[in-house]
Amino acid sequence: MNYFNQIATLVRKDLASELRTKEMLSSMLIFAMLTTVVFSFAFDPDTETVKKVFPGIIWVAFIFAGIMGLNRSFGGERNNDCILGLMLCTQDRGVIYLGKTISNLVFMYIMEGITLPILFVLFDYRLKGSLLLLITVVLLGTWGFIAVGTFMSAMAVNTRNSEILLPIVLFPLIVPVLIAAVQATGIIVNGGNWADTVNWFRVIGAFDVIFTIVPWLLFEYLLEV
Amino acid sequence: MITAENITKKIGSKTILKGIDLHIAKGEFITVFGPNGAGKSTLLKILAILMKPSGGTLTINGFNTNNEVVKVRGQIGVISHQTLLYDSLTAYENLEFYGRMYGVDNLRERIFDVLQEVGLEYAFNDPVRTFSRGMQQRLAIARATIHQPEILFLDEPYTGLDQQAIEILNSVLHKFNIKDRTVFMITHNFEQGLDLSDKVLIISKGRIVYERKAAGLMPHEMKDVYINTVGGKV
């Protein structure tokens with residue numbers, strides 16, 4: 001079967017499964033909302049400090065909620081040993097990695113699409129820059145996070161304390177993309193344009209490409225372990 | 001069809017398989033017996049290309065699995081004590097998923113054929129989580145054969161099955177095997193194991209310690225051989 005058809009079939013299965021159980025999306029959304037509300041209570045929206053930390057708050061909410069989802073990404077495949085079924089029916093194991101990455105991205109984008117406007121409302125923050133640029137940085141930053149996170153999630157799933165192990169191994173790896181995403185978001189929400197953020201976009205783009213290709217190539221060996 | 005030469009498998013410092021040589025001809029039905037921890041399931045995983053051996057060569061349908069693995073995947077079906085099914089999806093959706101992944105033609109028709117074969121056509125729209133253990137295992141048989149694989153691997157498939165499910169499994173295996181397809185089965189059940197087999201093996205401590213044609217071999221004789229070869233009670 002065609003490589004891309006297999007990826008599409010896997011993504012469709014994940015979406016159908018999530019539609020039934022709502023396990024991943026609900027936990028991600030609840031966590032993102034809780035983080036948002038806690039931050040909004042902790043900081044006074046009028047202060048200068050909030051303007052400085054607002055981009056960080058956005059990404060902290062996204063990343064922590066994303067970890068909740070990633071922990072469940074391969075957890076579902078562990079039930080009934082479904083991961084063996086995937087290994088049997090995919091000619092190339094890279095299909096599993098790419099399929100899972102796309103599914104996780106879809107769930108993250110849904111969660112971010114709901115959380116981001118709420119963050120702006122709760123912090124009474126007016127976007128001064130381009131909305132399109134903000135959406136682009138969110139899309140690309142999330143891609144980098146999920147590309148590494150999906151790989152690490154597959155690695156951690158068979159360990160005894162996978163829910164603790166995943167953030168421990170994942171956070172150091174996503175530092176470059178997280179810094180770039182927070183900086184670019186900060187510039188955009190405060191009125192910066194493309195020229196001001198281009199270098200940060202280069203960092204995010206390079207990270208995304210490298211950390212999509214390398215895990216894709218290594219996934220076959222990861223499943224062997 | 002399957003040729004394994006000096007297959008070894010080390011996990012950490014422990015050697016699970018210590019030089020397995022095996023030749024399985026096309027259409028042959030092989031049953032493997034052996035105590036727990038003998039290396040049977042590890043051997044099955046290696047033959048089904050779910051695990052790489054530490055040493056030795058494995059050839060399936062003329063393709064060396066070290067460098068031509070992509071050509072072999074898709075010709076293999078596996079039934080284990082785990083069902084490999086998604087609880088949240090319906091029986092139809094599970095089979096549709098696996099069928100699409102394997103690139104099965106006329107999928108809808110094929111799904112209802114295999115569902116009928118395992119007696120589950122009435123439950124095609126029910127979520128798998130509502131199935132009994134026996135029904136789930138019957139659906140697992142349908143899942144493993146949806147793409148009409150050339151080789152079927154079974155790891156203790158009778159575990160937890162009711163009598164109806166055992167009969168269905170035997171019927172599916174019989175139909176599968178008479179189409180000149182190969183079956184490799186691990187079981188602790190001598191009666192079921194000998195009933196369909198062409199050849200029996202006993203594996204103990206990572207080695208094949210007994211191998212003979214199954215024709216004329218009675219379950220009680222097999223038990224005696226097993227006790228004499230492996231030691232201890234059955």
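Colleague: Let's start with chain A. What order do its elements run in, from the N terminus on?

Modeller: From the N terminus on, chain A reads α-α-α-α-α-α-α-α-α. That gives 9 helices and 0 strands. Keep in mind that this is a predicted model.

Colleague: How do I read the radius of gyration of chain A?

Modeller: You hold it against the value for a compact globule with the same number of residues. For 225 residues that would be near 17 Å, and chain A has 18 Å, so the two agree. Its C-alpha trace spans about 55 × 35 × 30 Å along the principal axes. As for burial, 45% of the 225 residues of chain A count as buried. And if you take the contacts in chain A between residues at least 6 apart in sequence, 84% of them join residues at least 24 apart.

Colleague: Can we look at one residue, say Val214(A)? Where is it found?

Modeller: Val214(A) sits in helix H9, residues 194-224 of chain A. It counts as partly exposed because it has 13 C-beta neighbours inside 10 Å. Now see how sequence and space compare: Val214(A) and Val148(A) are 66 residues apart along the chain, yet 9.3 Å apart in space, C-alpha to C-alpha.

Colleague: And what about backbone angles? What is the phi of Asp81(A)?

Modeller: Phi of Asp81(A) is near 60°, a positive value in a residue other than glycine. Asp81(A) lies in the loop between helix H4 (75-78) and helix H5 (82-89) of chain A. With 17 C-beta neighbours inside 10 Å, this residue counts as partly exposed.

Colleague: On to sheets. How should I read one, and what is the strand order in chain B?

Modeller: The general idea is that strands of a sheet pair through backbone hydrogen bonds, either parallel or antiparallel. In chain B, an open sheet of 6 strands has the order S6-S7-S8-S3-S9-S10, and the pairing is mixed. Its edge strands are S6 (76-79) and S10 (207-213) of chain B, each of which pairs on one side only. Direction ignored, neighbouring strands of this sheet are turned by 15° against each other on average.

Colleague: Which sense does the pairing of S6(B) and S7(B) have?

Modeller: S6(B) and S7(B), the latter covering residues 151-155, pair in the parallel sense over 4 bridges. One detail to find on screen: Ile76(B) has Ile151(B) in S7(B) as its bridge partner.

Colleague: Which strands does helix H1 of chain B touch?

Modeller: Helix H1 (residues 40-47) packs on the sheet and touches S3, S7, S8 and S9 of chain B. Its direction makes about 155° with that of S8(B). Helix H8 (residues 219-230) of chain B packs on the sheet too, touching S3, S9 and S10, at about 25° to the direction of S9(B).

Colleague: Last one: how many residues does each chain bring to the contact between A and B?

Modeller: Chain B brings 24 residues and chain A brings 21. On the chain B side, H3(B) has the largest share, with 6 residues. That side divides into 13 nonpolar, 6 polar and 5 charged residues.

Methods:
Residues numbered from 1 in each chain as written. Chains lettered and ligands numbered in written order. Predicted model: local features only at pLDDT ≥ 70, side-chain atom pairs only at ≥ 80, totals over all residues. Pairing = 2+ DSSP bridges. Helix = DSSP H or I, 4+ residues; strand = E, 2+ residues; numbered from the N terminus. Axes fitted to C-alpha atoms, helices over the stretch in contact; angles between N-to-C directions. Contact = placed C-beta atoms within 7 Å. Rg over C-alpha atoms; globule rule 2.2 N^0.38 Å. Buried ≥ 20, exposed ≤ 12 C-beta atoms within 10 Å, placed from the backbone. Nonpolar A, V, L, I, M, F, W, Y, C, P; charged D, E, K, R; others polar.
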